[in-house]
Amino acid sequence: MTAAESLTSTSISLDAPLTAADLRRAATPVAVLAGDGVRARVERGRDFLRDVLSEEERPVYGATTGFGALVGFPGRQEQADQCDNTLAHLGAGQGPDLDHAVCRAALLVRARSLAQGVSGVSAHVVDGLAAMFATTFVPAVPRYGSVGASGDLIPLAYAAQALRGRGEAYAGGRRKPAAEALRECGLTPLTLDGRDALALVNGTSLTTAATALALDSVRASHRALQALTCLLADLLGCDPGFLDPRLMDAYGHRGAIDVAAGMRATLAGITPSGTRALQEPYSIRCSPQLLGAAEDALRYADGVVAADLSSVSDNPLFFPDDDLVVHGGNFFGQPAAFASDVLAMVTAQLGNLAERQLDLLVDPARNGGLPPMLAAGPGRQHGMQGVQLATTALVAELRHAALPAGTQSLPTNLHNQDVVPFGTQAALRAYDMAALLALLCGSLAVGLRQAAHVGARRPTSPSCAALLGALSEAVPPIDPDRPLDADVRRAAALLVSSR
């Protein structure tokens, strides 16, 4: 394929802050536009850098110096050679390649940061990044190596080298030498000088992208769990009093108040069976409080991600209006580290809720008399038994992954980086956990669909009836037993398709 590959219908402008939807679209070919405003800003910043470098008494990190702990030594004389001085030693990553969606999202975030014109980067670098998104080109970037400070140096160095035609990359989903992948996609290898190379790596764009994608996925599962909890309550004939607005107003937490209002709307028209106990188990009765606390936490993460997606993550920064080159720490990914750690905690508890609700649903002592494991013929069939075992394993994975990463600082780089946030570890871990949470939601959804098949009452709320209808179309009843792995994935995909 070439740069003329078919594109998605909606373009992305580098002249405006990015959104999670932009990052999702970047996973496949999409038009990314660097307009006249972007070019004017970038070229002005580049002209200022040239002026600064012409003054021998004004050092510029990475352009006239060594890197990291070696900043006190002069760099290479030729700027083209300084590019290799920047990138070669960073080829130290290990592990499997990053998910292609994460890698391309990271480069979109990097392009937006550079497009703001304060990085001193060449305009053709921004143009080259924008052109890449119209193709299927994906740099092969190993997962491990970044500490989320001084930028995602090692991962982004692999991306920069691939864009130069060095190392490995993917084109059309196939891994091959980067130079070959560039040719196949109709792209020209980037020519970089020292400042260009440093600008490509000296930001936390991978950390930001993974955090944003994780948040987007967790939000979709959070919405799905609200709907699935309502369907569970309707199938069992629960009284919706646990969502009473006076009760929630007395609780006083904004997230819980808002979640409960949404759940009341979903359950509008419900007719309680009158056969349930006075108080439901906590996995139903306390769901607005749990989901509401998650909503409050997700709103905090929303703010962090929005700031990161509109920020400049780089060092140094160049301000022509003030004749100023500022060396600082805008490449320090602590905000995303904390936000990703919060996402991990939220994900673990949401996953626990989904697993507990499924456990309630398959237990004949608590599910209103439905057969054990929702088996159509218990003993001869086993219904949801395998899926429930798998959900237990998934929750265990979430729990041991929820250890905060943003507090695990280790000094490195001859103590130049004496405090680091480990935001990349936190973000990629949150991204992985979000995928497991979606599977837990899919597992619960398959159970709810099966409950309707083996004797649960029909939903009395129109919204719940519509959700059950959609699930019934996507997932056949389990009768007789069959492998359910694909059904769980299909149900999960259905639940997040409306985001």
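Biologist: At roughly what angle do the axes of helix α9 and helix α16 cross?

Modeller: First, the ground rules. This is a predicted model, where local features need pLDDT of at least 70, side-chain atom pairs count only at pLDDT 80 or more, and totals for chains, interfaces and linings use all residues. Numbering starts from 1 along each chain as its sequence is written, and side-chain values use heavy atoms, without hydrogens and water. Helices are DSSP runs of H or I, at least four residues, numbered from the N terminus. Axes are lines fitted to C-alpha atoms over the stretch in contact, with angles from 0 to 180 degrees between N-to-C directions. Here α9 (residues 205–236) and α16 (residues 423–453) cross at roughly 20°. Their axes come within 8 Å.

Biologist: Are α9 and α16 roughly parallel or antiparallel?

Modeller: Angles under 35 degrees count as roughly parallel, over 145 as roughly antiparallel, 65 to 115 as roughly perpendicular and the rest as oblique. So α9 and α16 are roughly parallel.

Biologist: Now a residue. Is Val387 buried or exposed?

Modeller: Buried means under 20% relative accessible area, exposed over 50%, partly exposed in between (1.4 Å probe, protein chains only). Val387 has 8%, so Val387 is buried. Val387 sits in helix α15 (residues 385–401).

Biologist: Which residues is Val387 in contact with, beyond four places in sequence?

Modeller: Contact means heavy atoms within 4.5 Å. Val387 touches Leu358, Ser443, Leu484 and Val488. Val488 is 101 residues from Val387 along the chain, yet their C-alpha atoms are 8.4 Å apart.

Biologist: What share of the protein is buried?

Modeller: Buried residues are 55% of the 499.

Note on methods:
Helix = DSSP H or I, 4+ residues; strand = E, 2+ residues; numbered from the N terminus.
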